[in-house]
Amino acid sequence: MPSYNEQTTVTVLGLGPMGRALSGAFLEAGLRTTVWNRTPGKDRELVEKGAVGAPSPEAAVAASGLTVVCVVNYDAADTIVRRDPVTAALKGRTVVNLTADTPERAREAASWAAEHGIGYLDGAIMTPASTIGTPDAVFLHSGPEALYREHRPVLDVLGGTHTHLGEDIGRAAAYDIALLDIFWTAMTGYAHALAVARAEGITARELAPFAKGIGQILPPIFEKEAEEADSGRFSGEGNPLTSAASSMAHIIQASEAHGVDAGVMRAAEGLARRAIGQGHGTNGFIRITELLNRSSTLSRSAL
Ligand code: NDP
């Protein structure tokens, strides 16, 4: 049984689509929910459902032991919470920051919170606002485990799965960045595929069933490549880098013949060719991870 009751209070700062979804789930579960948003009026529906619309962020955070922050980025979050009256009102309370940003920003925010006697957890939401309150929602958390355990019953109200990734406060943001990296490069690939297909007279609708098929072959490949990336043994059996580079070259040729920008594919092909040039042509594609890490080590040591 969750250890919260009708006296349990929670505050949400930020009422974009995600903040509204989070607040709605808290209200639905019967928690006393206080909300605030920079632009007034976005709390109307929530207030109609029983939320308390606070007149200021300091009044909002003073209403609850736990404040969930969910705004566009950490610059926005800082603008709200790093004002003296808000910081003072947060002393002795806990912030769960579900705003997406970089691991560095999360670590810096945690230092600020520690300096001001504020409990601090960072989190990342990996699914759309429509999943909040349903079993499909996915939350990643990082920061002090005891604090996470204390607030987990309230966080559970948001539905889905919650995973605590460790005490390093930057870890949730690091997973978020890595997972969004997959998402946005895949979406860029899809957008490019649609452009090439359109240039060949194929509509997005016509391509869609087959595009879904490509999406479905990826999960087992991710599992296999994860093992290779962690072990450092890159079996190219069945699909060596040389074959990947050749396939990419066809995409570049077909795109550029239609005047479709192939910059993203050129970058990928360039990485494959570099790895081949280093003698790894018989390795599998994920070998380029080594190349990328080596490039980052070199560029760091050149600083
Ligand atoms: P946005 O990312 O567009 O953020 C909107 C919120 O940020 C509003 O409350 C807005 O206030 C506030 N905001 C923006 N700039 C400032 C500022 N300078 N000062 C104060 N507040 C500011 O909308 P979402 O709600 O969708 O996203 C919130 C977070 O959730 C983001 O970090 C996003 O990456 C993450 N997320 C969202 C998902 C989604 O499906 N929407 C999915 C997974 C994660 P105002 O109304 O005044 O402009």
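A crossing of two helices is left-handed if the near helix is turned anticlockwise from the far one by less than a right angle. I wanted that wording at hand before opening this predicted model.

**Entry 1: two helices**

I began with helix α4 (residues 74–81) and helix α6 (residues 103–115), whose axes come within 11 Å and cross at roughly 15°. Angles under 35 degrees count as roughly parallel, so α4 is roughly parallel to α6. Which hand does the crossing of α4 and α6 have? I noted it down as left-handed.

Next I looked up who makes the contact. From α4 come Y74, D75, D78 and V81, and α6 brings R105, A106, A109 and W112. Sorted by class, I have five nonpolar and three charged residues here, with no polar ones.

**Entry 2: the sheet**

I then traced the open sheet of eight strands, and its order reads β3-β2-β1-β4-β5-β6-β7-β8, with mixed pairing. Which strands stand at the edges? They are β3 (52–53) and β8 (161–164); each has a single partner strand, so one side of each is left without a neighbour in the sheet.

I stayed at the β8 end for a moment. Strand β7 (residues 138–142) runs parallel to β8, and four bridges join the two. For F139, I found H162 as the bridge partner in β8.

**Entry 3: T9**

Last, I picked out T9, which belongs to strand β1 (residues 9–13). Its side chain reaches the backbone oxygen of A63 at 3.4 Å. Leaving aside residues up to four places away in sequence, I listed R32, A63, S64, G65 and L66 as what T9 touches.

Notes. Residues numbered from 1 in each chain as written. Predicted model: local features only at pLDDT ≥ 70, side-chain atom pairs only at ≥ 80, totals over all residues. Heavy atoms only, no water. Axes fitted to C-alpha atoms, helices over the stretch in contact; angles between N-to-C directions. Parallel < 35°, antiparallel > 145°, perpendicular 65-115°, else oblique. Contact = heavy atoms within 4.5 Å. Nonpolar A, V, L, I, M, F, W, Y, C, P; charged D, E, K, R; others polar. Polar contact = N/O pair within 3.5 Å; in protein donor to acceptor, adjacent residues only side chain to side chain. Pairing = 2+ DSSP bridges.
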